[in-house]
Amino acid sequence: MHLRQFIHDLHYDVEKVLPSDWEIDWANAPRPYKLYHEQPEVDLPGNVPLTLEEAPTHSLTELQRFSYFLWYVYGLNHCIETPDFMGGSPVLRRYVPSGGALYPTELYTYLKIEGLEEGIYHYNVAHHRLVLLRKGNYDALLMQMLGGRCNVKECSGVILVSTMFWKNFFKYHNFSYRLQGLDAGVVIGQLNEVAERLSYSTAVYYCFLDRGVNRLFGIHEEEESAYALLPLYQSTLKEEGRIKDDPSATSDQLCQQIPELSLKTSSPEKKFGEYPMLIAMNKAAMLDSSRDFPRPEQEKNGKRTRNGGEGGEEKSSRILFSEKKPLIYDFVKVCRQRFSPGMDFVLDKVEPEHLGQLCKEVAPLLGDHNGEGGRKLWEDVDQPLFLYISLYGVKGIPNGAYFYDGDHHGLKQLRTGDQRLWLQQGMTLHNVNLTQVPLCFHIAGMKDFGHDRLGERGYRMNQMKAGIIVQRLLLTATALGWAGHPLLGFNSSLCDSLYNLSTCDQTCFIQIPVGPYRSRAQLIGSIYG
């Protein structure tokens, strides 16, 4: 199958990317955690604080602060037991959502902090430890792998976000490729939120020399691949930018400088299945030379807006939200409360002020918004996304489908009336009753996924950027007393028609119903470090 056709079918016609006789191989399901054997380990400090609001970071050691950082980014949050699974093993959940709670994302880090030997580490989630994979200082190598665009010498470390293919392929087959990008994005979004509260600052690099990075961090490309690099700074990051252009760097040159690692991991008795399309997509997405990175002039051309198409300014009703101060909430408490309601949404009236506040918090991450950027995450590729909402029962706002205009902090009406039945008919898996949902968000992007500038890498980058937005939307909704449930089981073509996206060459990436909910019958046990 041609790779472009695979992406098209993955987005618009999922049945074509799944074998007709596909059955989940539960007996060969992967272990929930990646564990290394016979490697030096560092137990991270415990006594993780129960809140990060006004955390006294100045009194913490660097190792303590990094320990708390990893815990609240990707550590274990709680275990759940529901009536459907009473008597079975409780389900362990982390601080971020994941498709099927399978967590295909892994975290690695290059660290240079006091109290720890310089080198490459893997985060052992199961035991809250760091596993040393490679000793040494790799500032120069990582700078070359990033094309000279980041001064790694000034960082405390660099976080690598990777994806293990088999972790969710065994259940979702080729559809897992779409989930993996979103899962990685959600983790990046959480990483940014935690970093802000622990006085770190960071940025996201989607473009780097893949084979060099994989070799440095000991990643086997047939099982796993690097998706993003995030430098971690001790002080406020004012602006990232190109430090020194190094067009001569290539993966082949860098790999020759890096000895290959021989590492033993868990699950030797578990065999990995075959996933040729995932391997083909990841190989096609790899960058072998820093000359292939998008250039600043390309980034300017890459900007597109809802009103930037041939049709010009859309003639539609505009509803402006009142300006509100940034939402302040107990981050850890909200992280523990966040969950996906499924069939437990309860229809109730929504105050427009709350809807406006939710949109305002998400706006800086969309990329095409010219307002305040206090909580914007710097990214090396400028590929704006867009926010659409179908509303029902919002006080003072007519039911209908809307586009959120971040520049004016308001809504543009695209279609009038109750859209809930239309959206429900577009569900491919009816695990949410949308007639009980007052707000249904859709994150959209360019229909070509930036292919002209980014190649096959564009699709997964768009999915990651959507995941970053999803995580902030979920946290903000929870802080407002609501809940959200990210969904990929929807008809993309139908939702595109709902917002008339064909006129601006856009398509919906993910659907997130948001609203009030009722408590679920379940036992929850919190986990504290």
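Colleague: With the side chain of which residue does the side chain of Asn282 make a polar contact?

Modeller: This is a predicted model, in which local features need pLDDT of at least 70 and side-chain atom pairs count only at pLDDT 80 or more, while totals for chains, interfaces and linings use all residues. Residues are numbered from 1 along each chain as its sequence is written, and side-chain values use heavy atoms, with hydrogens and water left out. A polar contact is a pair of N or O atoms within 3.5 Å; within protein, one must be able to donate a hydrogen and the other to accept it, and residues adjacent in sequence count only if both atoms are side-chain atoms. At 3.1 Å, the partner of the Asn282 side chain is the side chain of Arg460.

Colleague: Is Asn282 buried or exposed?

Modeller: Asn282 belongs to helix α8, residues 276-285 (helices, H or I of at least four residues, and strands, E of at least two, are DSSP runs numbered from the N terminus). A polar atom of its side chain lies 2.8 Å from the backbone oxygen of Leu278, and, leaving aside neighbours within four places in sequence, Asn282 is in contact (heavy atoms within 4.5 Å) with Phe165, Tyr177, Ser225, Tyr227 and Arg460. Buried means under 20% relative accessible area, exposed over 50% and partly exposed in between, with a 1.4 Å probe and protein chains only. Because its relative accessible area is 2%, Asn282 counts as buried.

Colleague: Over the ring of which residue does the charged end of Arg460 sit?

Modeller: A charge sits over a ring if NZ of Lys or CZ of Arg is within 6 Å of the ring centre and within 35 degrees of the ring normal. One such case is Arg94, whose charged end is 4.5 Å from the centre of the Tyr74 ring. For Arg460, with a distance of 4.3 Å from the ring centre, the residue is Tyr227.

Colleague: How many residues apart in sequence are the parts tied together by the pair of Phe169 and Tyr275?

Modeller: The structure holds 21 aromatic pairs, where rings of Phe, Tyr and Trp (its six-membered ring) pair if their centres lie within 6.5 Å, and planes under 30 degrees apart count as stacked, over 60 as edge-to-face and the rest as tilted. The rings of Phe169 and Tyr275 have centres 5.5 Å apart and planes at 70°, so this pair is edge-to-face. Because Phe169 lies in helix α4 (166-172) and Tyr275 in the loop between β11 (264-265) and α8, the parts that they tie together are separated in sequence by 106 residues.

Colleague: Which strand holds Phe509, the partner of Phe449?

Modeller: Phe449 and Phe509 form a stacked pair, 5.7 Å centre to centre with 25° between the planes. Both Phe449 and Phe509 are buried. The pair ties together parts 60 residues apart in sequence, because Phe449 lies in the loop between β17 and α13 (451-454), whereas Phe509 lies in strand β19.

Colleague: Which are the edge strands of the open sheet of 8 strands?

Modeller: The sheet has mixed pairing and the order β2-β7-β6-β5-β8-β10-β9-β13, two strands being paired if DSSP finds at least two bridges between them. Within the sheet, β2 and β7 run antiparallel and are joined by 3 bridges, with Val131 in β7 as the bridge partner of Glu41. The strands that pair on one side only are β2 (41-43) and β13 (378-379).

Colleague: Which residue in the turn between β6 and β7 has a positive phi?

Modeller: β6 and β7 pair in the antiparallel sense over 6 bridges, and Ile120 stands opposite Arg134 in β7. Strand β7 (129-135) has 5 of its 7 residues buried, so it is largely enclosed by the rest of the structure. The two strands form a hairpin with 4 residues between them, and the turn residue with a positive phi, of about 50°, is His128.

Colleague: How many of the residues of helix α11 are buried?

Modeller: The buried residues of α11 include Leu355, Leu358 and Val362. They pack against elements among which are β14 (386-391), α14 (457-479) and β19 (506-515). Helix α11 (352-362) is mostly covered, and of its 11 residues the number buried is 8.

Colleague: What distance separates the C-alpha atoms of Met343 and Val432?

Modeller: Met343 lies in the loop between α10 (331-337) and α11, and it counts as partly exposed because its relative accessibility is 46%. Leaving aside neighbours within four places in sequence, its contacts are His430, Asn431, Val432, Asn433 and Arg518. Although Met343 and Val432 are 89 residues apart along the chain, the separation of their C-alpha atoms is 4.9 Å.
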